[in-house]
Structures are given as structure tokens and as C-alpha cells.
Amino acid sequence: MTPEERLWCLDGDAPTWAGLTFLDQDGYHRAPFTAGRIDRLGVPGFAFSDGPRGVVIGNGCCFPVPMARGATWDPQLEEAIGDAIGLELKASGATLTGAVCVNLLRHPAWGRAQETYGEDPHHVGVMGAALTRGLQRHVMACVKHFACNSIEDARFMVDVEVDEIALHEVYLPHFKHIVEEGVAAVMSAYNSVNGEWCGQNRFLLTDVLRGEWGFSGFVISDWIFGLRDAAKSLMAGLDVEMPYRMVRAQHLPTALDEGEASWDHVDAAATRLVATLLRFAEVLASPRPDRSAIDSSNHRGLARLAAARSVVLLRNEPVDATPVLPLDPSKLSSLAVFGHLAAHVNLGDAGSSDVWALGCRTVLDGLLEVIGPDRVVHHSGDDLTGVAATAAEADVAVVVVGNTYLDEGEFIGETPQELLSLFPGEDDPELVERYEAEIAAFPQPVKPPHVARRPASASFATGGDRRSLRLAPTDIDLIHTVAAANRRTVVVLQGGSALIVDEWEYEVAAILHAWYGGCEAGPGLCDVLFGQVDPSGRLPLSVPREETQLPVFDTHAERVTYDRWHGWRRFRRTGQTPAFPYGFGLSYTSFELGPAEVARVGDELQIEGTLTNTGRRDGADVVQVYAELPDHSRPPRLIGFTRVEVAAGAQENLSLRIPLERLATRDPVRHCQRAPEGTHRVSIARHAEDSRAQVVMVEL
Ligand code: BGC
């Protein structure tokens, strides 16, 4: 490689201004972002498209958001979703995807909560690794955002102060897990950690990622504002600035001349990129599938299964001695469904994870499919007098409420002054010509009706962090009104994170959290409402009773400390009771855990037990293993889980092998992991606050 070619590998191929203009013209959904392509040498570089709910370019299948998939606690299903998204990416012309988003949900108000799997590092790591496995059968995957990125509105400015123990025991283990799975690339975060921007943070990108974990892939920056100093970013271990020729193209040549950056580092970065392309050569060279692979009926089926399995049943009280759910279509003469969202395609945020899926089916579509138009009436919920009358006449009332992309999601507001200076002067006209020829080869995707209806200001200028974890007052009024008129009121929540239910919980018979359920959200939900699928979704986050139970969440923070205590660990520590604990979810049947045995065998904990379905319906439950460490200054851990299907009245054996390293602690003096020692209290449970858990003390 000539020096120019080596430098060419170090940033995106597109010129900045032409690239930005293309983005403004829906370019995000049309063509991938390319980098490192050198035709003279046959180096293909990569073509990046986002995720994580499907393929962002073209009109792909939209799966439920990761938080919903986190609620399935089903890594096998997640791997199948990864395989489907990977195939669609490949058919769309992408070779690298940013679909693996695993930042921990430190606080449920985080605007991008929907893009990750939950609040616990073990669970998030397992799900992210499963997605990576599936994706990497077809393309390279990129895990993001490394690290401690969980305040959206402040992401370009905030510094996260975090000590070595919290970092290695809470905020990094899931990244390590996915690196060990063989992920091709890591995307650095926008925020800074302990005083240095993540895109130029040597400690994170070199000492931990490569030095300690042995990561051999390449690191890309987050988009546009992911680094500020060309030389520093290179010397810190960031390989490719994305997505344009921006900061490095302007400043790196001079920095190299002046000795602020070294050619050895240029070579190391270019080598890491090319070496990874070689490692994935077989995957990348395999034939590109036909476009019929995109949004195929198989993928729709998978999306529907995931939507159904993600639904968490939070409450199901008897009315006239029988739980209100599941509904029996043969006994139902009328069902009234309330709320705009019932007839609204509600897929999640309108930022980088937006998927332009076509033919999406709403809750109303699902209901019509099961019980037909004569027995369903839809009311928007705007006129409460009409609502009360309609609710009073129906056998069952379903209220669909919650959030949309206007309430939460990725957010770019006004660009801070100091970032504006990162932009270059004019583009090189030769590059612009080449770039325009490249993007012209990609067809314009169809704009789905739900996207066409968005206000002009939508996408990155809406959403952001939530200011409140409660429903909008109009939604709450709607629930009060329907519940007062109909005893069989079922509330369906949509949204990417926790919603506080305190004001109305006990007025209604049933509550289900249905998240952003993807293109088959409606039919998937109806599979649960009508009992085709037993609700086996379990919360991947704790739902608080009120905001004061959580750590402070400052959406404009310039500085924040991340400690070891958030989510279910914090509830355990403070002794407060959440509205619904981590790992919780009801079923239409009932389960009982049998006595468990826990033994150390070599480097593993071996756990044996049983789960009995004590009810009269087939069902599935998620058995969770928690451990309290002898040192109580450290948070307890989730160390394993398994989703088990059990036929009515049957008993299944449980058998889990848990590597002891999941119990390791961080030694901040020697800067390494320390093997577990002492008496650990291991509970085999059905959620984080399960008083019927099987508890075994294990000496290590
Ligand atoms: C987001 C990333 C995303 C990238 C490219 C950024 O704004 O933070 O998550 O992968 O854009 O779309």
C-alpha cells in the first residue's frame, strides 16, 4: 500500500458535505456508508448499514426492538433474528452492521433504551452475543457504543466518571462477552469516560479492548462527532473515523509530518482493518442473496413469534372468578379497542435504527384478523364521553397507550459550537463525482405511509431522553374512563423502556407491556391475548413505583458518576419495592421450582433442579440464577438463565453450567480479574425478588 492508500483506510470514503447532503435526502435508507475500499489492490473495505431492529437501508423486515427481544430471554430466537437481519443486510449490499447495541440501561429514561436489551450485564451480553452469531453468518457485526453511553441528550458533552470495579464488573462485561464471540468491529461512543472522549480513549481502546481482552478486529468511531483530535484518536487505537473524510483528512497528514502521530500507528490501524476483512473473506465473498430474501414470509413469521414472545403480562386479575386473559374468541360478542396507537404503526425511534418496513400490522389489524370486523370497534379515545359509552357496551375493553418516536429515541439537537469547528472546507470535486456515481447505483426505497405522515422536523430532531417515566395525562384519563365503564379492561403498553403504572394499576383487570413490537406487533400481541402463545416475556428491567426509587438522571449532565448500583441491584440494596421486579412476568399457567443442587465442578458451577407446570395450560418460564457475593460492598449478580417450555402438568429438569469467571471480581490494585472465593449465596429464582427462590450456599 502506498502511504495515501494506508491513510485512505483510516476514515470513511465519502466526502463530508456531499455525504451530509445525501443523508438529508433520506440517504440513510438508501445506501450503506463505505470505508477502506481500494480497487487497485482488491481491498473491498466495508459497506455499513445500521440496525438493530432490522436493515436500515431499503425496505427490510422490522423486528421488535432489542428491549422487546431482551424480554424473550431467548438467545436461540435472537440468533435466528440475527441470521435473518444478516441475510437481509447482505441482500441489500451491506457488509458491516451497527446492529449490536449493548449499552446498559442504567436509567429507564435513557432515550435509546429500546436499542439495548436491558439493565443487567450478563443478560445483555448473552443476547448481544447471540445476535452477533446470527449476523456474522452473512456480514461483519459491530458492537456499540464503547463505553458508558446511556444519556442521549448529553451524549456529545458528558463525561462519565467510573471506577475500575464498576467498569469491569458492571459496564464492560457484556462488551467482553461479545468480543469473545468474535465480533468484527467495535464502535466507540460519543461521550467521554474518565476525562477522555471514547473515540480517543487509549485506556478503553488499547489497554482494555486489545491489551486485556485480546480484541483483534477494528474500531470505528461513532458518526461525525466521534473524535475531535485526529492524532490522539489514532494513537489511542481508533482505526477508522466514520463516516466521512472529515477530521483525519484535514489534520492527520500534518500531525504525521510534525511527529504528533506515527506511521507505525497508521500501519497498525490499516492492518487491523485489512486483517479483519481477510478473516471474514469467506463470509464476504459468499454469493449475495436475491432481493427476495428481504422481508420474506419466513422473516415475517419470525418477527411475529418474537413479538408474541416479548409481551410481558404484568397483571391478570379475575373478573367473575376467571382471569380476564386469555380471551376466548368463541365467547366474545364485542371488543372495543381504544387509543390512537391501536391503529398506528409504532416501530420505535426515527433515528439511526429506523427501519422502513412496509405492510406493518397494528393491534387493530391483529384483532380484525382474529375476530373479524363485526365484533371489533375502534375508538381513538379523544372524546371521553364517547369512550365511556363505547366501553360500557363491550364485553372487553382494550386500551393501547404509550410512547412513540416523538417521546424517546436517538436525538441530535442544536450542534454545540465546539463541534462545528470539526467540519472541513469544501469537498474534493473528484471524490464527489465518484461518490455520486456509487450512491446512484442504489434504488430509492419506498417511503412507508407511517414515515410519510411524520412531520418534516421528525427523525433526529425528535425523541431523546424521557423527562417522565409516566404515561401522558391524556392516556391516563383514557384508562380511568374505560376502566370505570368496563370491568374487563386490558391495558396494552407500547414503548421502549419502563412505564410507571402507579396512577391506574389497580383499576384495570390486565396489563401487558408490548414494547415496540415490529412489523407484526399486532398479530403477535393477539397471539398472546387470545392464548395461542402463553405469555413468556419477562422484564429485562425493573419497573419502579415512582421516579424517586431511581438514581438521578440529568439529561444535560456535563459530569456524572456511574457506580455499581442501578436497576435490580439497587432495589435489593435500598430495600425498596419496585412496581414490577426485574425478570418478572406472569403466565396463563403456574410454575413451581423444585429443590435445587449447586456444585462446583472444575471451573464451573453445576446447577440441577426442576420446574413444574402446575397449571392446565402448556407454557414457558424463564429460570434465573442470581448470586450474592461474600463481599457485600459488591452488587449481587445474575449469572445464568434458561427459558424452559413445560407442558401442562409436566416437570422439566433444569441443568445449567455456569463458568466461575462470571463470579470473578476486579482487583483494582493489580488491574486484573480475581477468582471468586468464599461463601456465595446462589438462588434459583423466577425473578429478582422471588421469595420462593431455591437458595443454596456454595463455598468457593
Ligand atoms: C449513532 C450510532 C449509529 C450511527 C450510524 C450515530 O448517530 O449513535 O448508533 O450506528 O449514527 O447510523
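Biologist: What is the strand order in the open sheet, and how are the strands paired?
Modeller: The order is E25-E24-E29-E30, 4 strands in all, with antiparallel pairing; strands are DSSP runs (E, at least two residues), numbered from the N terminus, and two of them pair if DSSP finds at least two bridges between them. This is a predicted model, in which local features need pLDDT of at least 70, side-chain atom pairs count only at pLDDT 80 or more, and totals for chains, interfaces and linings use all residues. Residues are numbered from 1 along each chain as its sequence is written, and side-chain values use heavy atoms, with hydrogens and water left out.

Biologist: Which strands stand at the edges?
Modeller: Strand E25 (637-646) and strand E30 (694-699) do; each has a single partner strand, so one side of each lacks a neighbour in the sheet.

Biologist: How many bridges join E24 to E25?
Modeller: There are 9 between E24 (residues 619-628) and E25. In one of them, Ala620 has Glu645 of E25 as its bridge partner.

Biologist: Turning to the helices, at what angle do H5 and H7 pack?
Modeller: Helix H5 (residues 121-135) and helix H7 (residues 173-180) pack at about 25 degrees, with axes 8 Å apart; axes are lines fitted to C-alpha atoms over the stretch in contact, and angles run from 0 to 180 degrees between N-to-C directions. Helices here are DSSP runs of H or I, at least four residues. That angle makes H5 roughly parallel to H7 (under 35 degrees).

Biologist: Which residues of H7 make the contact?
Modeller: Pro173, His174, His177 and Ile178 (contact means heavy atoms within 4.5 Å).

Definitions and conventions. Parallel < 35°, antiparallel > 145°, perpendicular 65-115°, else oblique.
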